[in-house]
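Please look over the sequence and the model shown here before reading on.

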Amino acid sequence: MSRTFSIIKPDATRRNLTGQINAVIEGAGLRIVAQRRIRMTREQAEQFYGVHKERPFFGELVAQMTSEPVVVQVLEGENAVPKYREIMGATNPENAAEGTIRKLFALNVGENSVHGSDSDENAAIEIAQFFSDDQIVG
Ligand code: ATP
Ligand code: MG
């Protein structure tokens, strides 16, 4: 068993898609072991996406992530990081496979409905940014 960190982004919470996205997650065999709806601060968003701070879309990304509430989650399962990346689909929904969350729900490459950690190491860092151990019930 391993864990990954997920965010249901503002474009999805705005359209009341939290339940439908959770259904895809659970249908794929991942268990939601922690979940909270929050409004991300500018500081949190800038830190969270810090690796992209030199990219031209950084300002737009931070504005988007702080525009409306998000749902932060911890997902648990076998090979949770690659499994969630697979069901999320490609960053750009135009390239995402059929049945993936981004193919089903994303609006465009920026407003792409979900975030998922890209390595076990980053998953642990990202989970610790938003949850304490006692808030995760596996
Ligand atoms: P995430 O980190 O959110 O799970 P990802 O790992 O698939 O997505 P990254 O390359 O890490 O993709 O990009 C982080 C986020 O930045 C994307 O999810 C998207 O919201 C935004 N983004 C990436 N590329 C672009 C782009 N060309 N134009 C606008 N926004 C972009
Ligand atoms: Mg990423």
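## Basis of the description

A contact means that heavy atoms lie within 4.5 Å. With that definition, residues 24 or more positions apart account for 77% of the contacts in the chain that have a separation of 6 or more.

This is a predicted model, in which local features need pLDDT of at least 70 and side-chain atom pairs count only at pLDDT 80 or more, while totals for chains, interfaces and linings use all residues. Residues are numbered from 1 along each chain as its sequence is written, and side-chain values use heavy atoms, with hydrogens and water left out.

## The whole chain

The chain holds seven helices and four strands, where helices (H or I, at least four residues) and strands (E, at least two) are DSSP runs numbered from the N terminus. Along the sequence they follow the pattern β-α-α-β-α-α-β-α-α-β-α.

The radius of gyration, taken over C-alpha atoms, is 14 Å, which agrees with the value near 14 Å that a compact globule of 138 residues would have by the rule of 2.2 Å times the number of residues to the power 0.38. Of the 138 residues, 46% count as buried, that is, under 20% relative accessible area, whereas exposed means over 50% and partly exposed in between (1.4 Å probe, protein chains only).

## Helix 2

In helix 2, which spans residues 18–27, Thr18, Ile21, Asn22 and Ile25 are buried. These residues cover an arc of only 100° around the axis, so they lie on the same side of helix 2, the arc being that of the directions from the helix axis to the C-beta atoms.

The face turned away from the buried side of helix 2 carries the exposed residues Gly19 and Gly27. Helix 2 is followed by Gly29, whose phi is positive, near 90°.

Technical notes
Chains are lettered from A and ligands numbered from 1 in the order in which they are written.
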